[in-house]
Amino acid sequence: MPSSTSSSDRAERGGLRGASDRYARQTAADRPGIAQPVPARPVPEQPWGRILAGALLLAALLLGGWERYWRDYGVHPAIANTEGLWAIQRRRLDSGEGDATVLLGSSRLYFDLQLPVWQRLEGRRPIQLSFEGTSPLTALEDLAGDSKFTGRVLVGVAPDLFFSGFGLHNGAPRYANKESPSQRIGQWLSMHFIEPYFAFDDPDFALQTVLARQPWPERPGNKWFLRVRKLAEVGPDRNAHLWSKVGDDPQYRELTRRIWRQDFQPSPDDPTPAEALKTEKEQIGRAVRAVAALRARGVKVLFVRMPSIGEFLAYENRGFPRQRTWDALLAATGAPGIHFEDYPELRPDRQGYYLPEWSHMTRADGERFTAALYGIIERDFWGPGASAATAEAPAAAAAH
Amino acid sequence: MVFNSLTFIAFFGCVLLLHSLPFGWTTKKVNLLIASYLFYSAWNPPFVILLWVSTVVDWYAAQGLVKARRQAARHAWMLLSVIANIGMLGFFKYGQFLLENFTALMSALGIAYSPAHYDIVLPVGISFYTFATMSYVLDVYLRRALPAQNLLDYALFVTFFPHLVAGPIMRPTELVPQFAAPRRATAQQLRFGLALMTIGLFNKIVLADSFLANVAERIYDGDRTPGALDAWAGTLAFSGQIFCDFAGYSTTAIGVALCLGFAMPDNFRFPYAAVGFSDFWRRWHITLSSWLRDYLYIPLGGNRHGPRRTYAALMTTMLLGGLWHGANWTFVAWGGLHGVYLAAERGLRARFANYRPGPVVFVALGLLTYTLVNLTWVFFRAKTFAKAWLVLRGMLGLNGAAKPILPTFSLAVVAVIVGGIVLTHWLMRARTLESVIARAPAAVVCGVWALLLFAIVTVQGAGSAFIYFQF
């Protein structure tokens, strides 16, 4: 802050005095200890009308070119996959749909399960609360704490996320609770007036993201990881499906595989085996508490291990062996589960489900898979004919 | 709501439309007042009550001041206002901090004390509007200004949405007179106001949020030890981020007000070209530094009672100024460092009163100032002293075994953007934005404006809050 009111200080003030700048003006810094006057706010002399019109036209042309570029790349306008969108679906449980079926998992349950197929079979559309790159446990705990929820929940288990507790969107339940009126309005405006019309409006095509993924030289000793690229397209009620480019474009498919492969290599940042084991037990403990709270008020909980293949499956089996993770989870929670390897209808090797990057299936196969999964769930777990033993005891499902 | 949101665009469109309709002036002011309350309540509706409390208390305190005949009564009315405002600020902003420090003190004395859980949400912008309302009562108390003629004008001064949550901190004498007669932006003001909003939002959304924030986060919020290059890059990135974030907000706010026909004061004047720290504080957050000068430093004695008292007033002002920014000792350290810088500069100026630097030394002193300012940003950005020391050690090259953290792209971003900011500040050091725009060919202004709009849209800002909202 100004330490002096002396004239010598004032003489050095900003150097504006005496300049041929007719827009020069004093600030409060130049007027100590007095009531500050109404500020001067001159407008530079320019043909502002023409400038504004020209700027808007030029910006529109630039944005039109940008949009064209991404459409040519294969992008279609889609709803942005935001926490605000998640919050809209979450609020449905508190607004008269507390008895709904909730889908809660990571990207596999999110992209592979097709809500229209489920709706056709059940007569009711489930609520999709999965989030990519995120363990479902935080959201499961959120449901466990919500007495208005009395429905059924299908919990997707992607071993590397579920048993590590990793979550890109672990903050979603908190966001939904704290969402301000301004954020709600912004979400509504965006998904009605922006997102359905502009393909470039996707985080993967944001200017800074595009620049960052250019082939910059690597710093010695600084291995730079490629970020996960766009994988899915999302609808207004969070019905998502794998982006067709992943399956159709060999180059893009190879890129997505290369990105996954980064995770398959050991890294100095990896936890030690003891740390990993401890984390797995913690996550199972979280699941046990949440499931117990949900079942105490009659909510049916069903775990599902969604399909993966190839190098991804090998990585998961290596890092998160079934016996130590999936089986332990079912045993500890007492909740039933469906492992895709136990059901021929769900196995990619038997049904020919196409998972271009080993982790998610194409839209068409997702529809087939959803029908198959729904059939198993109705037959063995949630339908009127499901035996109580099958519905509650994991051993029965495993022995199928 | 934040300026960088679709909600604000819709809101502002409605406000502009209402303000241009042929209503009477009082109706237009009521519209602006209601709009301002909506603007604030869009974060958290109940906190509007705090605004009302602040408004009513200071309105009646100023009325009481004017009517009081005895000095003691004037004192009492002034103190009522100060205690109410500082009390509110203290409760919401510093309650948890005070409790934690009290608990730590008790623990150090061997007394086990565990307070009840205390979870208070900080109302957005409370530091800004409490300072604005306090300046109203203090100006009346100091006989610098007359009270507002009516409650509507005063309430609108407190609440006027462009400055409400993050300044510029306005004085009543700057804004209340503008409510006396009908005001509506001319076509030129409206268009230039939109241009200022574009510049401000470009600073915030593109430079601060999309390019620089991530670099600072990787160094300050990560758990890896930074080497010299990374520590400096992270700190320089933050120096650019905080300038673009806060100056971006101020510029947007000035543009918003101008679109409605109102003038708001400059809050920044190319601060990274400052030579010396008194110069820096004449250029950085001008409305806060002048507020602290007028209502704290000068009442504490200023420079009128000898060097010792001057230095004490300076340090007190800067320490409290640091605390104003946040309830954490790291902010106090930030303010303290600036206090030390100012005191040292004052001492040096007295010692070398006749020294006039040549152009090379002048620039060198400017770069030294910027470097030392960056050291203070470490304490401002780090959440703990441990992190601050870790980054400082890195900047001094003492984290020998540190591995590289930032990729080449991030280093390039810092070099280009922060280098560009510093260079621009030096080129603009003795100029105003308006003079540069006035001299530029219209086609260039048009092209630059279009590019800024293009960048704002294509970085797809997530509507993140401005850093200074938390203060």
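Predicted model: local features only at pLDDT ≥ 70, side-chain atom pairs only at ≥ 80, totals over all residues.
Visitor: How many helices and strands are in chain B?

Guide: Helices (H or I, at least four residues) and strands (E, at least two) are DSSP runs, numbered from the N terminus. Chain B has 18 helices and zero strands.

Visitor: And what is the secondary structure of chain A?

Guide: Chain A comes to 19 helices and seven strands.

Visitor: What does the globule rule give for chain B?

Guide: For 471 residues, a radius near 23 Å; chain B has 23 Å, which agrees. The C-alpha trace of chain B spans about 65 × 65 × 55 Å along its principal axes.

Visitor: What share of the contacts joins residues at least 24 apart?

Guide: Two residues are in contact if their C-beta atoms, placed from the backbone, lie within 7 Å. Take contacts in chain B between residues at least 6 apart in sequence: 76% join residues at least 24 apart. In chain A, residues 24 or more positions apart account for 79% of the contacts with a separation of 6 or more.

Visitor: How are two packed helices described?

Guide: By the angle between their axes and the distance between the axes. Here, axes are lines fitted to C-alpha atoms, for helices over the stretch in contact, and angles run from 0 to 180 degrees between N-to-C directions. Take helix α8 (residues 187–220) and helix α9 (residues 228–259) of chain B: their axes come within 7 Å and cross at roughly 160°.

Visitor: Are α8(B) and α9(B) roughly parallel or roughly antiparallel?

Guide: Angles under 35 degrees count as roughly parallel, over 145 as roughly antiparallel, 65 to 115 as roughly perpendicular and the rest as oblique. α8(B) and α9(B) are therefore roughly antiparallel. Their contact has 26 nonpolar, eleven polar and four charged residues. As for classes, Ala, Val, Leu, Ile, Met, Phe, Trp, Tyr, Cys and Pro count as nonpolar, Asp, Glu, Lys and Arg as charged, and the others, Gly among them, as polar.

Visitor: How do α9(B) and helix α15 of chain B cross?

Guide: Helix α15 covers residues 385–395; the two axes come within 7 Å and cross at roughly 120°. That makes α9(B) oblique to α15(B). Residues in the contact include B:Trp232 of α9(B) and B:Met395 of α15(B). By class it has five nonpolar, three polar and one charged residues.

Visitor: How many residues of chain A are in contact with chain B?

Guide: 66 residues of chain A are in contact with 76 residues of chain B. On the chain A side, α2 (48–72), α9 (181–193) and α10 each supply at least two residues. The largest share, twelve residues, comes from α2(A). This side divides into 39 nonpolar, 17 polar and ten charged residues.

Visitor: Which phi does B:Arg143 have?

Guide: A positive phi of about 60°, although it is not a glycine. B:Arg143 lies in the loop between α5 (126–141) and α6 (151–159) of chain B. It is exposed, with 10 other C-beta atoms within 10 Å.

Visitor: Is B:His285 buried or exposed?

Guide: Buried, with 23 C-beta neighbours inside 10 Å. B:His285 has a positive phi of about 40°, and it is not a glycine either. Its place is the loop between α10 (277–283) and α11 (286–297) of chain B.

Notes
Residues numbered from 1 in each chain as written. Chains lettered and ligands numbered in written order. Rg over C-alpha atoms; globule rule 2.2 N^0.38 Å. Buried ≥ 20, exposed ≤ 12 C-beta atoms within 10 Å, placed from the backbone.
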